[in-house]
Amino acid sequence: MGGYNMEQVRDLKKDLEPGVAHKRLFSVGKMTFYGNELQRKYLRKIVEMARAHGVRVIFLNTPIYHAEKFFDVPYFENLLKTEFPDVEFWDYVNFSVPEDCRKDVNHLNKWGAEIFSKELARRMREEEIIPCEN
């Protein structure tokens, strides 16, 4: 799920300046992103509805630049383990792309998205989610 904007931006260096990424990622007023019960409730409903229709559900963690520096990775891992242990999870958080293929610490740019999309297509063929190419 999500969207993709054809970003031809290479702002990783700017995002790595002291405090820049943290300010951008966490300064949304008084809103808190951790422990949002409503989001988890509806995510569970989405999983159940998809399965009821015979859809294979896979959670996907996209590449993040040094995730442990910018996000609470243990919180995320615990949330998956305790609330969604029955959902298949493909973890690409440490998937390597050149630094100039990143828009910022948590987004790939056009070039990074192309590299990552090829990897996902390869995995989907391997998992027989999409047909193998001849």
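Trainee: What should I know before starting?

Mentor: The model is predicted: local features need pLDDT of at least 70, side-chain atom pairs count only at pLDDT 80 or more, and totals for chains, interfaces and linings use all residues. Residues are numbered from 1 along each chain as its sequence is written, and side-chain values use heavy atoms, without hydrogens and water.

Trainee: How many residues has helix α3, and what span does it reach?

Mentor: Helices are DSSP runs (H or I, at least four residues), numbered from the N terminus. Helix α3 (residues 37-52) has 16 residues. From first C-alpha to last it reaches 23 Å, close to the 22 Å expected at 1.5 Å a residue. That expected span is 1.5 Å times one less than the number of residues.

Trainee: Which residues of α3 are buried?

Mentor: An α-helix has 3.6 residues a turn, so residues three or four places apart point the same way. Here R40, R44, V47 and A50 are buried (under 20% relative accessible area, 1.4 Å probe, protein chains only; exposed is over 50%). The buried residues of α3 line one face, because they fall within an arc of 130 degrees seen down its axis. The arc takes directions from the helix axis to the C-beta atoms. On the other side, L38, M49 and A52 are exposed.

Trainee: What follows α3?

Mentor: G54, with a positive phi near 75 degrees.

Trainee: Which residues line the second largest pocket?

Mentor: Rolling a probe the size of a water molecule over the atoms shows where empty space is left. A pocket is an open set of points on a 1 Å grid over the protein atoms alone, where a 1.4 Å probe fits, with protein on both sides within 12 Å along at least five of seven lines; lining residues have an atom within 4 Å of a point. Here the lining is R56, I58, L60, W90, L120, M124 and I129.

Methods. Helices (H or I, at least four residues) and strands (E, at least two) are DSSP runs, numbered from the N terminus.
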